[in-house]
Structures are given as structure tokens and as C-alpha cells.
Amino acid sequence: MFAFGQPRPRRRPALTPMIDVVFLLLVFFMLASRFGVERTLDLTLGGGTSGAEWSGPPRLVDVGEGGTVSLNGQSVALSDLAGALQPLMDQPSDPVVLRPKEGDLSALTQVIEALRGAGLSNLVLVP
């Protein structure tokens, strides 16, 4: 008969590479996922028929790039915006129209937080 030499013992499959791949996938999905709560802004979108009636003078706040703010075309500092709106409003629930110019979301969020901190509750966002 044929002599093929000494038979080798059977090798067990190595699990170390598979465990490495599992841990790499675990680390990838942990880094790719989001932890925490998403923040939302409660705003009324303009242009629709919300049924609200406008009363009083215009209250248009333009939010520009870099946090520049203007009220009815007049440049105003963000810290003075609530005070400048006060004579134009009968009550804090009167609508204030916000119009972002360059789409700077952080500047828009700062303006919304400043107005909400001053007690203004009815903010309307228009494109």
C-alpha cells in the first residue's frame, strides 16, 4: 500500500480572529449610535391657516449669519431684543415672526431661547 507519512492531529479552529471581529463591530456600533435625548423646538410654522388673528404693529425678527438680529429692519443686539419687542406687544402671547436669513441654526436657537427666557411664548417661523 501507500505510505503517506505520519497522520497529523486534527487542528481545532481558532476563535481569536472571530472574537476580534465581534469586538470591532461592537465598538463600531457603539461609536456610530447616538446616546441622549433629541431636542426639539416648539414653533408655529408660518404660511398656514393657524386661525390666529394678527393684532398690533409688525414684529418681524430677522436672524442673520453670525447671530446678527434685526427687528423690523432695524439692527438690535440680542440682549436688547426682548426689550425692543415690549412696546410692540399688548401681551406676551402675541405672535413674533422669526425669519432666518442664511440658515444659521445655532443663531436661530439662541434667539428663540432669549425670547422664551423673556416670557414670549408665541414664536412663528417663516422661511
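These are my notebook entries on what I looked up in this predicted model.

**Entry 1: strand β2 and its partners**

I began with strand β2, which covers residues 60-63. Which way does β2 run beside strand β5? The two run parallel, and 4 bridges join them. Strand β5 takes in residues 96-100. I looked for a facing pair and found Asp 62 opposite Arg 99.

Next I turned to strand β3, residues 69-71. Here 3 bridges link β3 to β2, and this pair runs antiparallel.

**Entry 2: the salt bridge**

How many salt bridges does the structure hold? I noted 1. The side chains of Asp 62 and Arg 99 form a salt bridge, at 2.6 Å from N to O. Asp 62 belongs to β2 and Arg 99 to β5, so the pair ties together parts that lie 37 residues apart in sequence. I had already seen these two residues standing opposite each other.

Is Asp 62 buried or exposed? Its relative accessible area is 6%. Buried means under 20%, so Asp 62 is buried. Arg 99 has 30% relative accessibility and counts as partly exposed.

**Entry 3: the nonpolar core**

I looked up the largest nonpolar core, and it has 18 residues. Those with the most contacts inside it include Val 61, Leu 81, Leu 98 and Val 111. Which elements give two or more residues to this core? They are β2, β3, α2 (81-85), β5, α3 (105-117) and β6 (123-125). The largest share comes from α3, with 5 residues.

Then I picked out Val 96, which is also listed among the core residues with the most contacts. I set aside residues up to four places away in sequence. Val 96 then touches, among others, Val 61, Leu 85, Leu 115 and Val 124. Its contacts also include Arg 59 and Asn 122.

**Entry 4: helix α3**

I tested the length of α3 next. The helix has 13 residues, so at 1.5 Å a residue it should span 18 Å. The C-alpha atoms at its ends are 18 Å apart, which agrees.

Which residues of α3 are buried? I listed Ala 107, Leu 108, Thr 109, Val 111, Ile 112 and Leu 115. I recalled a rule about spacing here. An α-helix has 3.6 residues a turn, so residues three or four places apart point the same way. The buried residues of α3 pack against β2, β3, α2, β5 and β6.

I took a second look at Thr 109, which sits in α3. Its relative accessible area is 18%. The cut-off for buried is under 20%, so Thr 109 counts as buried. What does its side chain reach? It reaches the backbone oxygen of Leu 105, at 2.8 Å.

Just after α3 I found Gly 119, with a positive phi of about 95°.

**Entry 5: a proline in a loop**

Last, I checked Pro 87. It is found in the loop between α2 and β5. How far is Pro 87 from Pro 57 in space? The C-alpha atoms are 9.5 Å apart. In sequence, these two prolines are 30 residues apart.

Definitions and conventions. Residues numbered from 1 in each chain as written. Predicted model: local features only at pLDDT ≥ 70, side-chain atom pairs only at ≥ 80, totals over all residues. Heavy atoms only, no water. Pairing = 2+ DSSP bridges. Core = buried A, V, L, I, M, F, W, Y, C linked by side-chain atoms within 4.5 Å. Buried < 20%, exposed > 50% of the residue type's maximum accessible area, 1.4 Å probe, protein only. Contact = heavy atoms within 4.5 Å. Expected span 1.5 Å × (residues − 1). Salt bridge = Lys/Arg side-chain N within 4 Å of Asp/Glu carboxyl O. Polar contact = N/O pair within 3.5 Å; in protein donor to acceptor, adjacent residues only side chain to side chain.
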